[in-house]
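Welcome! Here is a short briefing to read alongside the sequence and the 3D view.

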Amino acid sequence: MSKLCLFIPIVFLLLTTSPSFCNNPAPQHKDTEHNFLESTKQGERIFKGLVLTKSNLKSCVSCHNLTYSDTLNWNPSAWDIAHSFADKKTSDFNSVINEPLAKVMSQVHDGYQYNEEELNHIKNYLLSLKTHGAEEQKPVVNNLILFLFLGLLITIALIDLFFTKKIKYKFIPILIFFAAFGYQIKMLSEDAMALGRNENYAPDQPIKFSHKVHATDNKIDCRYCHTGVDNSKSAVIPSANVCLNCHSIVREGRNSGKFEINKIHAAVENNKPIEWVRIHKLPDHVFFSHAQHVNVGKRECQECHGEVEQMHIVKQVEDLSMGWCLDCHDKTAVDFNYNNYYSNTFKELHLKLVKEQTDSVRVTDIGGRECARCHY
Amino acid sequence: MKKYWKSQQEKNESPEIKTVKHKPKGNLEQVLDIFEDGTVEAKSNRRDFLKLCGYSLAITTVLSSCENAVQKAIPYLNKPEEITPGIANYYASTYINGSDYASILVKTREGRPIKIEGNNLSPISNGACSARVQASVLSLYDSSRYQHPQIKQEKVSWDEFDKSVSDALEAQKGNQIALLTPTIFSPSTRKAIKLFTAKYPNIKWIQYDTQSASSILKAHKLCFGKEILPDYRFNKANLIVSFDADFLGTWINPAEYIKTYTDTRKLSGTSNKMSRHIQFESRMSLTGSNADERHTIKPSELNLLIAQLYNEILALKGLKKYNASESSQKIKELANDLFKQKSRSLVVSGSHDLNAQIIINAINYELENLDKTIRLDNPLQNHQAIDEDMDQLINDLVSGQVKGLICYHSNPVYNHHKGDQLKKAIEKLAFSLSIHEAPNETSSLMKFVAPDNHYLESWNDSEIKKNSFSLMQPAIHPLFDTRQFQASLLKWSDLETDYHKFIMKNWEETLFPTQTLYTSFKPYWEHTLQEGIFEIKNNSQAKSKFAQVDIQKAFDKLTQKPGTKNIELQVYETIALGNGTSANNPWLQEMPDPISKICWDNYLNISPKQAKEMELENGNMVKLNDKLELPVYILPGQAYNSVSIATGYGREICGKVGAEVGFNTSGFTQNGFSNVKLQKIEGQYDFAMTQTHHSMEGRAIVREANLDEYKKNPKAGNDHKHKYKNAGIYKEPEFPNHHWGLAIDLNACIGCGACTIACQAENNVPIVGKKEVIRAHEMSWIRIDRYFSGDENKPGVVFQPVMCQHCDNAPCENVCPVAATNHSSEGLNQMIYNRCIGTRYCGNNCPYKVRRFNWYDYTQADSIPNNLHDPAGLTSDLSRMVLNPDVTIRAKGVIEKCSMCVQRIQEGKLNAKLKGRKVKDGEIKTACQQTCPSGAILFGDLNDKSSELFKVTSSGRNYHLLEEIHTLPSVSYLTKIRNKKS
């Protein structure tokens, strides 16, 4: 989105270099490898359901995504499968596809009968996916096109105004110029303001962990996993051993089967930590403490993070901008009765409260707008 | 008021316009400097400018087009119970580097040691840390350290290495081998060495100290029958006389002496008692600069003075005098004063002459100081080496009698005056094994290299004083494939290699039975490990007996030596670098010397009188003994016809930072003095001096008085008060809750500079390098100004730490066009880096000159690579591990300054809020205050009428810097009181 802030060089850059503009979802091969009978090609055709099958079973791709999607698909993506089966034998692959043991999978894979050759093809295709990487998300170009279109309008309007003079009334090209230019400015400033902010950011995580399943369905308290929230500046992303407190027994999920939960066990066994994608992040020059806000200030998690307990995929709800912080500091009242630090330190304000000369003391009144509370 | 001066030039020259040495560069020229490679003075041209334009266009394009990078959040797999991300853990440990010792707490964040703090429980170091201790954490992340074992410069595995060493040791069984170490005062290490030498009886263990206390040890052997270093109690003495002992700087155990010395010199509300300190020395040392009375003498004149003083004391006691020339009036007076303070005085000497030390012992005996200010029952253990052992070893190595050498943590090729001979001898050896952390001049000659751990990665114990134990524990897993010395010894002795278990077993056998509090070992061990220290209570009051030594003989030897007309050279260690082991530590390299304020260099100190005779100026080159060419620094207070030079510089084999910095003093003896020839040669040298641009300009910046004046009037010397109330055009700010402030006791501050390094570690203050310091671009948030007063040959010296004064009527705040610096309701002058646009108006308008501008990107906070200026390699991933995550690193083009450790204030307030109570007085300590060995800095809440700070600032000694300009600082100073004889 922020591409907009720019001039022509970027357009060139994008048009000439970005491969994501071409409309070919299949992994690219070198010309010499291009053979119709090639195993990976055949695997791809089976995976995408392009080969006639004996029965009317769903193709693999209908459940196992090849591309990123922003709605939750509980089934592992093709890329995910490629990673976990890369080192396994075809016989393992066979048992998982044709005769799965897990409850969820045995229901959906009911009736699948692929022979060994076909399995090999699928496996080879998946392997090629692994090496070529996952499908990249396509950039959204609508805004850019709109921006360029407005630029064109401006150019035409100016040319007509000074040279061609085809339009009878002068105010029309002038109006067009100001409207188009104004809209461009608006687009630029909005994008510039959003620079570095990630409102609505909801990336794919390495494990399809659902807060809804854990916090709402299973009623696990936020603090059970986010243990630092009361004492540390960091709320803490739970370590794998916290997951295992339950998942050493709960081995199969209601929605995702064994596949996702197995990733935790694999991480522990291979001594490879889980690399979550960070969603809520403040710039390095901002100091924020969960202990201050949650423990001392008695704020609810949802005030900043939204209704996380209703989310399958965690999304950043607020823009976490400084204006948003200060807005809350201006509105929020400090509870003097609760914490003796405030009543002992701000004696005059406390007296006012007691004498009911003021209805409440806001965070701003005790220095909540001062720079060095957060920036040092 | 006295006339203060900061340098020779200022004193002698008229305050007219001085010639500008460096032609100032315009803005554009400075921008284009980035294309020079730093060494070549290449001229930039039009093409460079076009390149710059094109480059910046490309950068803007790339920067503005890229999406926010995906950040990972990677939790532990199995989180250790004690670690919570975001909360610091502190582990009690011990710092040992050669003879340096401190009991410390290691602050770790997410498993990385980031700061060293003093351990308050330790009676030796008393919660203080020296600059070297503070800087030691940076050495942990030094990429020049050995990263794996080596045989003949080839990388090998530990298994192969151990096998080769064992084979080689077996093969050498018939030959004599020496194990060379610094003084080892760790009981478990001594035991491990004993086991090792028991397995290989052909190995002889020799200790070698660069600053030896050999003569004191031997004198005590003769006088008291025990080869010990006594326990000097400066806090029990009313009169301290030091003959060339730099006990506040580098002599024996300064960490302890600073505390005990300043304890007797601080004046609090009721007490107006203060010790008197008289120093005889040739070079202006840190100790001499703090003395009430300082006498400059040549090193060779020392002995006679000691002898004369002894004679006078004998005369006062009515005893028979020895034969010596008539003493001066000064000495007679001194003897008189000492005699009056009998049993409450202390005479020490740093002399390397055995006879001098015998007479010093005799003086203290006659003054009845034994068992009072000098105790022999708990001797210090950090110097045990005898010089003759080392001389013998070098002779044996040269003659081929000793055929193998194992060298641990010492670098005699560099710092012994016979290093050249030693170098040739080592090259010929059949077996040579080095156990060092980083390559140095000695280890690089050796065949086997068994890399040692850094102390923050090691287990150890120590017994700095008899019955005072402390433990060292690792704060991080070894970063490289290294193994600590003791574990290596155990391995080669075919024993269990876990040194941790070895210490535990040793303690269970030896120390656990000495206490009664714990009945089983495990809780005792855990408690001791948590506290870091363990003491055996010793209430015995053994009376020390003075043996009948041949005083006549010692006395005659002292008086025999005639004073020569030669120029005498003394080699000394600096406060920062010591013997040069830490030369690769950029924090220490950039720490200015307390007296000369020069960093990144050593130089020849000469006296002002001699400089005049030889027509020398600061930075002129001289030739020493026809071989060493080096610049001179005219040191006020240096004795005429004597010169001095610091060791620790001119390292050849060292990391990137320390190599080729300064001049190598090898060949000159470290212990004692040598006669030299001096000759002026052509050439001029640029010093990186941090105090050429700060001048007192006739104002009462440092205020001082003598003790007798103070007793009459507590406000003595502090009469430059201005009377205006609310003289500003702005409304005076109000502080409804806290009003943070600092008070600095100039009487306690000895100028050691520990606070500057603590600040650097706490606040991620960058290093700029020598070239930038010359351009006055140093970044330190706290500096120590040093002013001389009086006669240049016998100057008085004052030190004054200056940081941001957090003015309530701050001149910097109202000139900032973007309000990037403003005032908080808690009295802090806030600096917001991300709002700063770099006009530097604030820096120009600050009367205290404490604001620092980032002329380059020193920390890699910028994303523009050409802005980077990193002379010490501190932006590597490894070095960045030392950064404090709670303090922002600053980018190019912003101003920064002391924040009064606002991160610590916020942390302290949060702790109070979490517990639902007020902030307790003394709970929050700034980094400079925490480390200060003399307790000169006090932080507190000026609004809290019961706080220590409020009491101190209400005293008559309290004043503010430049009160007359009505800046209303929150930092205040207490006048310096001297105890001169009136």
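Two strands count as paired if DSSP finds at least two bridges between them. With that in mind, look at strand β1 (residues 276–277) of chain A, which is joined to β2(B) by 2 bridges, the two strands running antiparallel. Please remember throughout that this is a predicted model.

**Where chain B meets chain A**

- Chain B puts 42 residues into the contact, and chain A puts in 52 residues.
- On the chain B side, the elements that give two or more residues are α3 (46–65), β2 (72–73) and α26 (902–915).
- Which of these elements has the largest share of the side that touches chain A? That is α26(B), with 6 residues.
- Sorted by class, the side of chain B that touches chain A holds 17 nonpolar, 18 polar and 7 charged residues.
- Strand β2(B) also takes part in the strand pairing across the two chains, where B:Ala73 is the bridge partner of A:Trp276.

**Chain B as a whole**

- Along the principal axes, the C-alpha atoms of chain B fill a box of roughly 75 × 70 × 70 Å.
- A compact globule of 982 residues would have a radius of gyration near 30 Å, and chain B agrees with this because its own value is 29 Å.

**Domains of chain B**

- The domain assignment gives domain 1 (150–211 + 385–531), domain 2 (214–380), domain 3 (564–689) and domain 4 (704–728 + 737–978).
- Between domain 2 and domain 4 of chain B, the C-alpha centres are 36 Å apart.
- Their contact draws 16 residues from domain 2 of chain B and 19 residues from domain 4 of chain B.
- On the domain 2 side of that contact, α8 (254–263) and α9 (286–290) of chain B are the elements that give two or more residues.
- Of the elements on the domain 2 side, α8(B) gives the most, with 4 residues.
- The residues of the domain 2 side that touch domain 4 of chain B divide into 6 nonpolar, 6 polar and 4 charged.

**Two open sheets in chain B**

- Strands of a sheet pair through backbone hydrogen bonds, in either a parallel or an antiparallel way.
- One open sheet has 7 strands in the order β7-β6-β18-β17-β16-β8-β9 (chain B), and its pairing is mixed.
- The edges of that sheet are β7 (154–155) and β9 (203–207) of chain B, each pairing on one side only.
- Inside this order, strand β16 (residues 402–408) and strand β17 (residues 431–435) of chain B pair in the parallel sense over 5 bridges.
- To find this pair in the view, look for B:Cys407, which stands opposite B:Ser434 in β17(B).
- Strand β24 (residues 604–606) and strand β27 (residues 642–646) of chain B pair in the antiparallel sense over 2 bridges.
- In that pair, B:Asn605 stands opposite B:Ser644 in β27(B).

**A helix pair in chain B**

- Two packed helices are described by the angle between their axes and the distance between the axes.
- Helix α6 (residues 187–199) and helix α17 (residues 499–510) of chain B pack at an angle of about 105 degrees, their axes being 10 Å apart.
- Angles of 65 to 115 degrees count as roughly perpendicular, so α6(B) is roughly perpendicular to α17(B).
- From α6(B), B:Pro187, B:Ser188, B:Lys191 and B:Ala192 meet B:Phe502, B:Ile503 and B:Asn506 in α17(B).
- These contact residues divide into 4 nonpolar, 2 polar and 1 charged.

Technical notes: Residues are numbered from 1 along each chain as its sequence is written. Chains are lettered from A and ligands numbered from 1 in the order in which they are written. This is a predicted model: local features need pLDDT of at least 70, side-chain atom pairs count only at pLDDT 80 or more; totals for chains, interfaces and linings use all residues. Axes are lines fitted to C-alpha atoms, for helices over the stretch in contact, and angles run from 0 to 180 degrees between N-to-C directions. Angles under 35 degrees count as roughly parallel, over 145 as roughly antiparallel, 65 to 115 as roughly perpendicular and the rest as oblique. Two residues are in contact if their C-beta atoms, placed from the backbone, lie within 7 Å. Ala, Val, Leu, Ile, Met, Phe, Trp, Tyr, Cys and Pro count as nonpolar, Asp, Glu, Lys and Arg as charged, and the others, Gly among them, as polar. Domain bounds come from an automatic or database domain assignment. The radius of gyration is taken over C-alpha atoms; the globule rule is 2.2 Å times the number of residues to the power 0.38.
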